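Reader: Please walk me through this model. I would like to learn how to read its features one at a time.

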Amino acid sequence: MAPVVGIVANPVSARDIRRVVANATSLQIADRANILLRVLAALHACGVRDVLMMPENGGIRAHVERGLMRARGTGGSRGEGIYPALHTVSMPVTGTVADTHRATAEMRRAGVSALVVLGGDGTHRAVAAECGTVPIAGISTGTNNAFPEHREPTITGLATGLAVTGRVPPHIAFSANKRIDVSLINGANGGAVTEMALVDVALVTERYIGARALWRTENFRELYVTFADPEVIGMSAIAGLLEPVDRDESGGLMVRLSPDGTCRKGITTLNAPIAPGMMARVGVTDWRRMPAGVAFVPEVTAGSVALDGERELSFTERDRLSLTLRDDAFRTVNVAAVMRHAGQNRLLTGTPVPVTAAF
(Lines give C-alpha, C1' and ligand atoms only; values in the text may rest on other atoms or scores of the structure.)
Protein backbone atom coordinates (compact mmCIF):
# COMPACT_ATOMS: atom_id res chain seq x y z
CA MET A 1 0.00 0.00 0.00
CA ALA A 2 1.42 3.38 -1.05
CA PRO A 3 2.35 5.62 1.89
CA VAL A 4 0.32 8.76 2.66
CA VAL A 5 1.91 11.67 4.53
CA GLY A 6 -0.09 13.99 6.78
CA ILE A 7 0.57 17.72 7.05
CA VAL A 8 -0.29 20.01 9.96
CA ALA A 9 0.47 23.65 9.13
CA ASN A 10 -0.37 26.17 11.84
CA PRO A 11 -1.40 29.48 10.18
CA VAL A 12 -1.09 31.51 13.41
CA SER A 13 2.20 30.32 14.95
CA ALA A 14 4.80 33.03 15.71
CA ARG A 15 2.17 35.64 16.60
CA ASP A 16 2.44 35.85 20.38
CA ILE A 17 3.64 38.74 22.58
CA ARG A 18 7.30 37.87 21.97
CA ARG A 19 6.96 39.53 18.58
CA VAL A 20 6.41 42.79 20.50
CA VAL A 21 8.87 42.46 23.39
CA ALA A 22 11.59 40.70 21.35
CA ASN A 23 12.67 40.43 17.73
CA ALA A 24 10.83 37.24 16.84
CA THR A 25 10.18 36.38 13.22
CA SER A 26 6.64 36.42 11.82
CA LEU A 27 6.13 34.27 8.72
CA GLN A 28 3.43 35.39 6.32
CA ILE A 29 0.88 32.93 4.95
CA ALA A 30 2.57 32.98 1.54
CA ASP A 31 5.88 32.03 3.20
CA ARG A 32 4.26 29.05 4.93
CA ALA A 33 2.69 27.96 1.65
CA ASN A 34 6.07 28.17 -0.11
CA ILE A 35 7.57 25.97 2.60
CA LEU A 36 4.83 23.41 1.99
CA LEU A 37 5.40 23.46 -1.77
CA ARG A 38 9.07 22.67 -1.19
CA VAL A 39 8.12 19.78 1.10
CA LEU A 40 5.53 18.48 -1.38
CA ALA A 41 8.00 18.51 -4.26
CA ALA A 42 10.52 16.55 -2.21
CA LEU A 43 7.91 14.02 -1.06
CA HIS A 44 6.84 13.44 -4.67
CA ALA A 45 10.45 12.94 -5.77
CA CYS A 46 10.65 10.06 -3.28
CA GLY A 47 7.48 8.38 -4.52
CA VAL A 48 4.79 9.82 -2.20
CA ARG A 49 1.70 10.39 -4.33
CA ASP A 50 -0.92 11.43 -1.75
CA VAL A 51 -0.86 13.94 1.10
CA LEU A 52 -3.56 14.58 3.71
CA MET A 53 -3.65 18.14 5.09
CA MET A 54 -5.29 19.79 8.10
CA PRO A 55 -7.95 22.34 7.05
CA GLU A 56 -7.49 25.95 8.21
CA ASN A 57 -8.97 29.37 7.53
CA GLY A 58 -5.67 31.22 7.39
CA GLY A 59 -5.19 30.81 3.64
CA ILE A 60 -2.27 28.38 3.49
CA ARG A 61 -4.22 25.79 1.47
CA ALA A 62 -5.37 28.43 -1.04
CA HIS A 63 -1.79 29.60 -1.64
CA VAL A 64 -0.59 26.02 -2.03
CA GLU A 65 -3.33 25.23 -4.54
CA ARG A 66 -2.34 28.27 -6.60
CA GLY A 67 1.21 26.92 -6.64
CA LEU A 68 -0.06 23.55 -7.83
CA MET A 69 -2.09 25.25 -10.58
CA ARG A 70 0.93 27.25 -11.73
CA ALA A 71 2.96 24.04 -11.97
CA ARG A 72 0.28 22.41 -14.12
CA GLY A 73 -0.10 25.52 -16.29
CA THR A 74 3.59 26.06 -16.98
CA GLY A 75 4.73 22.46 -17.07
CA GLY A 76 1.89 20.64 -18.80
CA SER A 77 2.01 16.94 -18.00
CA ARG A 78 5.45 17.52 -16.48
CA GLY A 79 3.99 20.12 -14.10
CA GLU A 80 1.33 17.70 -12.95
CA GLY A 81 4.06 15.29 -11.93
CA ILE A 82 5.90 17.66 -9.61
CA TYR A 83 3.63 17.40 -6.57
CA PRO A 84 1.53 14.72 -4.83
CA ALA A 85 -2.26 14.92 -4.82
CA LEU A 86 -3.45 17.12 -1.95
CA HIS A 87 -6.43 16.03 0.16
CA THR A 88 -8.00 17.75 3.18
CA VAL A 89 -9.24 16.17 6.40
CA SER A 90 -13.03 16.45 6.56
CA MET A 91 -13.68 18.33 9.81
CA PRO A 92 -14.99 21.70 11.05
CA VAL A 93 -12.45 24.49 11.59
CA THR A 94 -12.50 26.34 14.92
CA GLY A 95 -9.29 28.34 14.60
CA THR A 96 -8.03 26.92 17.91
CA VAL A 97 -5.57 24.22 19.01
CA ALA A 98 -8.52 21.80 18.90
CA ASP A 99 -8.10 21.75 15.11
CA THR A 100 -4.56 20.41 15.47
CA HIS A 101 -5.65 17.77 17.98
CA ARG A 102 -8.55 16.57 15.85
CA ALA A 103 -6.72 16.64 12.51
CA THR A 104 -3.80 14.69 13.96
CA ALA A 105 -6.11 12.07 15.42
CA GLU A 106 -8.01 11.77 12.12
CA MET A 107 -4.80 11.38 10.14
CA ARG A 108 -3.54 8.74 12.55
CA ARG A 109 -6.78 6.78 12.11
CA ALA A 110 -6.49 7.22 8.34
CA GLY A 111 -3.12 5.44 8.47
CA VAL A 112 -0.66 8.16 7.48
CA SER A 113 2.96 7.04 7.61
CA ALA A 114 4.35 10.31 8.97
CA LEU A 115 3.25 13.81 9.95
CA VAL A 116 5.03 16.90 8.63
CA VAL A 117 4.40 19.73 11.11
CA LEU A 118 4.85 23.47 10.49
CA GLY A 119 4.82 25.44 13.73
CA GLY A 120 6.65 26.16 16.94
CA ASP A 121 7.00 24.17 20.13
CA GLY A 122 3.32 24.54 21.01
CA THR A 123 2.10 23.20 17.67
CA HIS A 124 4.42 20.21 17.87
CA ARG A 125 3.25 19.50 21.41
CA ALA A 126 -0.38 19.45 20.22
CA VAL A 127 0.52 16.99 17.45
CA ALA A 128 2.57 14.76 19.76
CA ALA A 129 -0.42 14.50 22.11
CA GLU A 130 -2.43 12.72 19.40
CA CYS A 131 0.04 11.13 16.97
CA GLY A 132 0.53 7.81 18.77
CA THR A 133 3.22 5.82 16.96
CA VAL A 134 3.14 7.98 13.80
CA PRO A 135 6.51 9.77 13.50
CA ILE A 136 6.73 13.57 13.29
CA ALA A 137 8.91 15.59 10.91
CA GLY A 138 9.12 19.08 12.38
CA ILE A 139 9.67 22.37 10.55
CA SER A 140 10.32 25.57 12.53
CA THR A 141 7.73 28.30 11.86
CA GLY A 142 6.99 29.45 15.42
CA THR A 143 8.45 31.98 17.86
CA ASN A 144 10.52 29.70 20.08
CA ASN A 145 11.56 26.66 18.08
CA ALA A 146 13.52 24.52 20.51
CA PHE A 147 11.89 21.24 19.49
CA PRO A 148 11.79 21.42 15.66
CA GLU A 149 15.32 21.56 14.30
CA HIS A 150 16.21 24.41 11.94
CA ARG A 151 16.69 22.98 8.46
CA GLU A 152 15.74 23.67 4.85
CA PRO A 153 12.20 22.24 4.40
CA THR A 154 13.16 20.54 1.13
CA ILE A 155 15.58 18.33 3.04
CA THR A 156 12.95 17.53 5.68
CA GLY A 157 10.59 16.53 2.87
CA LEU A 158 13.22 14.34 1.23
CA ALA A 159 14.05 12.57 4.49
CA THR A 160 10.37 11.99 5.25
CA GLY A 161 9.76 10.60 1.77
CA LEU A 162 12.75 8.26 1.94
CA ALA A 163 11.68 7.07 5.39
CA VAL A 164 8.01 6.35 4.65
CA THR A 165 8.73 4.60 1.35
CA GLY A 166 10.95 2.11 3.15
CA ARG A 167 14.18 3.05 1.43
CA VAL A 168 15.84 3.68 4.80
CA PRO A 169 15.63 1.06 7.59
CA PRO A 170 13.30 2.12 10.45
CA HIS A 171 16.03 1.91 13.08
CA ILE A 172 17.90 4.61 11.13
CA ALA A 173 14.91 6.61 9.88
CA PHE A 174 13.13 7.19 13.19
CA SER A 175 14.25 8.40 16.62
CA ALA A 176 12.64 8.12 20.05
CA ASN A 177 11.83 11.35 21.88
CA LYS A 178 11.19 12.36 25.49
CA ARG A 179 8.35 14.27 27.12
CA ILE A 180 7.43 15.52 30.60
CA ASP A 181 4.04 14.49 31.98
CA VAL A 182 2.44 17.05 34.31
CA SER A 183 -0.18 15.95 36.85
CA LEU A 184 -2.24 18.55 38.73
CA ILE A 185 -4.74 17.37 41.35
CA ASN A 186 -7.15 20.02 42.61
CA GLY A 187 -7.12 20.16 46.41
CA ALA A 188 -10.65 21.53 46.58
CA ASN A 189 -12.59 18.98 44.55
CA GLY A 190 -10.09 16.21 43.79
CA GLY A 191 -10.28 16.80 40.04
CA ALA A 192 -7.19 15.89 38.04
CA VAL A 193 -5.60 17.52 35.00
CA THR A 194 -2.82 15.91 32.99
CA GLU A 195 -0.73 17.72 30.40
CA MET A 196 2.60 17.18 28.67
CA ALA A 197 5.57 19.14 27.38
CA LEU A 198 8.08 18.20 24.70
CA VAL A 199 10.90 20.54 25.74
CA ASP A 200 10.32 22.30 29.05
CA VAL A 201 8.00 22.93 31.97
CA ALA A 202 8.48 26.24 33.78
CA LEU A 203 6.84 27.19 37.07
CA VAL A 204 6.26 30.92 37.54
CA THR A 205 4.77 32.93 40.39
CA GLU A 206 2.09 34.63 38.26
CA ARG A 207 -1.26 32.84 38.66
CA TYR A 208 -2.97 34.80 35.91
CA ILE A 209 -2.49 33.07 32.57
CA GLY A 210 -3.02 36.23 30.47
CA ALA A 211 -0.54 36.50 27.62
CA ARG A 212 0.64 32.90 27.56
CA ALA A 213 4.20 33.43 26.37
CA LEU A 214 6.99 33.61 28.98
CA TRP A 215 9.38 36.55 28.92
CA ARG A 216 9.51 38.13 32.41
CA THR A 217 12.34 36.30 34.16
CA GLU A 218 11.68 37.78 37.62
CA ASN A 219 8.69 35.43 37.89
CA PHE A 220 10.59 32.22 37.03
CA ARG A 221 11.06 29.76 39.91
CA GLU A 222 11.61 26.19 38.64
CA LEU A 223 12.43 24.69 35.27
CA TYR A 224 12.28 21.08 34.04
CA VAL A 225 13.61 20.14 30.57
CA THR A 226 13.69 16.99 28.44
CA PHE A 227 16.90 18.16 26.79
CA ALA A 228 19.23 21.07 27.50
CA ASP A 229 20.64 22.55 24.31
CA PRO A 230 22.91 25.63 24.43
CA GLU A 231 22.14 26.29 20.76
CA VAL A 232 18.41 26.97 21.20
CA ILE A 233 16.47 29.86 22.75
CA GLY A 234 13.83 29.90 25.47
CA MET A 235 13.70 27.99 28.74
CA SER A 236 15.78 25.09 27.40
CA ALA A 237 18.62 27.54 26.74
CA ILE A 238 18.87 28.31 30.47
CA ALA A 239 19.39 24.63 31.24
CA GLY A 240 21.66 24.10 28.24
CA LEU A 241 24.04 26.83 29.35
CA LEU A 242 24.33 25.15 32.76
CA GLU A 243 24.63 21.46 31.84
CA PRO A 244 23.87 20.22 28.30
CA VAL A 245 21.65 17.14 27.94
CA ASP A 246 21.22 15.55 24.50
CA ARG A 247 17.89 14.70 22.89
CA ASP A 248 18.81 11.01 22.66
CA GLU A 249 20.10 10.86 26.23
CA SER A 250 17.92 9.31 28.95
CA GLY A 251 16.45 11.81 31.41
CA GLY A 252 16.59 15.59 31.57
CA LEU A 253 17.50 18.44 33.91
CA MET A 254 15.82 20.37 36.74
CA VAL A 255 16.80 23.96 37.53
CA ARG A 256 15.78 26.13 40.50
CA LEU A 257 15.76 29.83 39.79
CA SER A 258 16.24 32.90 41.98
CA PRO A 259 13.73 35.78 42.05
CA ASP A 260 16.34 38.01 40.39
CA GLY A 261 19.65 37.81 38.59
CA THR A 262 21.70 39.74 41.10
CA CYS A 263 25.07 38.41 42.19
CA ARG A 264 25.11 37.23 45.79
CA LYS A 265 26.37 34.27 47.76
CA GLY A 266 24.99 30.94 46.58
CA ILE A 267 23.52 32.38 43.36
CA THR A 268 24.82 31.62 39.86
CA THR A 269 24.00 34.47 37.49
CA LEU A 270 23.38 33.43 33.90
CA ASN A 271 22.90 35.62 30.83
CA ALA A 272 20.54 33.58 28.64
CA PRO A 273 18.68 34.04 25.31
CA ILE A 274 15.06 33.55 26.47
CA ALA A 275 13.48 34.82 23.22
CA PRO A 276 14.72 35.85 19.76
CA GLY A 277 17.10 38.75 20.28
CA MET A 278 16.26 38.95 24.02
CA MET A 279 19.02 38.30 26.55
CA ALA A 280 18.08 38.17 30.24
CA ARG A 281 19.96 37.82 33.52
CA VAL A 282 18.68 34.76 35.38
CA GLY A 283 19.64 33.81 38.91
CA VAL A 284 20.16 30.06 39.45
CA THR A 285 20.25 28.53 42.94
CA ASP A 286 20.52 24.83 42.03
CA TRP A 287 20.31 22.33 39.19
CA ARG A 288 20.37 18.55 39.00
CA ARG A 289 19.62 15.66 36.67
CA MET A 290 16.01 14.55 36.18
CA PRO A 291 15.98 10.74 35.76
CA ALA A 292 13.27 9.18 33.60
CA GLY A 293 10.30 7.70 35.43
CA VAL A 294 10.88 9.60 38.70
CA ALA A 295 8.09 11.93 39.86
CA PHE A 296 9.36 15.39 40.89
CA VAL A 297 7.30 17.49 43.32
CA PRO A 298 8.20 21.19 42.97
CA GLU A 299 9.06 23.46 45.89
CA VAL A 300 7.02 26.38 44.56
CA THR A 301 3.53 26.12 46.06
CA ALA A 302 1.45 28.49 43.93
CA GLY A 303 1.60 30.09 40.50
CA SER A 304 1.18 28.88 36.94
CA VAL A 305 2.65 26.12 34.78
CA ALA A 306 4.12 26.95 31.38
CA LEU A 307 4.41 24.12 28.88
CA ASP A 308 6.97 24.63 26.11
CA GLY A 309 7.07 28.36 26.74
CA GLU A 310 3.34 29.05 27.17
CA ARG A 311 1.39 29.29 30.42
CA GLU A 312 -1.41 26.73 30.45
CA LEU A 313 -2.34 25.91 34.07
CA SER A 314 -2.58 27.76 37.41
CA PHE A 315 -2.25 26.13 40.83
CA THR A 316 -2.58 27.08 44.52
CA GLU A 317 -1.21 25.87 47.84
CA ARG A 318 -4.05 23.34 48.12
CA ASP A 319 -3.25 21.60 44.82
CA ARG A 320 -0.83 18.73 44.24
CA LEU A 321 1.55 19.10 41.31
CA SER A 322 4.05 16.52 40.05
CA LEU A 323 6.23 16.15 36.95
CA THR A 324 7.61 12.94 35.45
CA LEU A 325 9.95 12.63 32.47
CA ARG A 326 9.25 9.76 30.03
CA ASP A 327 11.80 8.30 27.64
CA ASP A 328 10.64 6.84 24.28
CA ALA A 329 7.36 8.79 24.42
CA PHE A 330 6.92 9.36 20.65
CA ARG A 331 8.90 9.19 17.42
CA THR A 332 10.36 11.67 14.96
CA VAL A 333 11.98 11.37 11.54
CA ASN A 334 15.75 11.49 12.03
CA VAL A 335 16.46 13.76 9.09
CA ALA A 336 20.23 13.86 9.55
CA ALA A 337 20.53 10.07 9.78
CA VAL A 338 18.24 9.51 6.79
CA MET A 339 20.14 11.91 4.55
CA ARG A 340 23.49 10.46 5.63
CA HIS A 341 22.21 6.96 4.78
CA ALA A 342 20.89 8.27 1.45
CA GLY A 343 24.28 9.68 0.56
CA GLN A 344 26.25 6.65 1.69
CA ASN A 345 23.99 4.33 -0.34
CA ARG A 346 23.27 6.65 -3.29
CA LEU A 347 19.52 6.32 -2.80
CA LEU A 348 18.74 9.29 -5.02
CA THR A 349 20.95 8.17 -7.92
CA GLY A 350 19.71 4.66 -8.59
CA THR A 351 23.37 3.62 -8.88
CA PRO A 352 24.50 0.86 -6.51
CA VAL A 353 27.30 1.59 -4.10
CA PRO A 354 30.53 0.07 -5.47
CA VAL A 355 32.16 -2.75 -3.55
CA THR A 356 35.45 -1.70 -1.96
CA ALA A 357 38.36 -3.70 -3.38
CA ALA A 358 40.28 -5.87 -0.91
CA PHE A 359 44.01 -5.23 -0.75
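Reader: Is Arg-346 buried, partly exposed or exposed?

Author: Start with the cut-offs: buried means under 20% relative accessible area, exposed over 50%, partly exposed in between (1.4 Å probe, protein chains only). Arg-346 has a relative accessible area of 36%, so it counts as partly exposed. Arg-346 sits in the segment after helix 10 (335-344). Helices (H or I, at least four residues) and strands (E, at least two) are DSSP runs, numbered from the N terminus.

Reader: What should I know about the source?

Author: This is a predicted model: local features need pLDDT of at least 70, side-chain atom pairs count only at pLDDT 80 or more, and totals for chains, interfaces and linings use all residues. Residues are numbered from 1 along each chain as its sequence is written, and side-chain values use heavy atoms, with hydrogens and water left out.

Reader: What is the phi of Arg-346?

Author: The general idea comes first. Most residues other than glycine have a negative phi. Arg-346 has a positive phi, near 50°.

Reader: Is Asp-308 buried or exposed?

Author: Asp-308 counts as buried because its relative accessibility is 5%.

Reader: How do I read the sheet, and in which order do the strands run?

Author: Strands of a sheet pair through backbone hydrogen bonds, either parallel or antiparallel. Here two strands pair if DSSP finds at least two bridges between them. Seven strands form an open sheet, in the order 11-12-10-9-8-14-15, with antiparallel pairing. Strand 11 (268-275) and strand 15 (310-315) are the edges, and each pairs on one side only.

Reader: How many bridges join strand 11 and strand 12?

Author: Seven, in the antiparallel sense; strand 12 covers residues 278-290. Ala-272 has Ala-280 in strand 12 as its bridge partner.

Reader: Which strands pair with strand 8?

Author: Strand 9 (residues 220-225) is joined to strand 8 by five bridges, running antiparallel. Strand 14 pairs with strand 8 over four bridges, also antiparallel. Follow Val-204: its bridge partner in strand 9 is Phe-220, and in strand 14 it stands opposite Ser-304.
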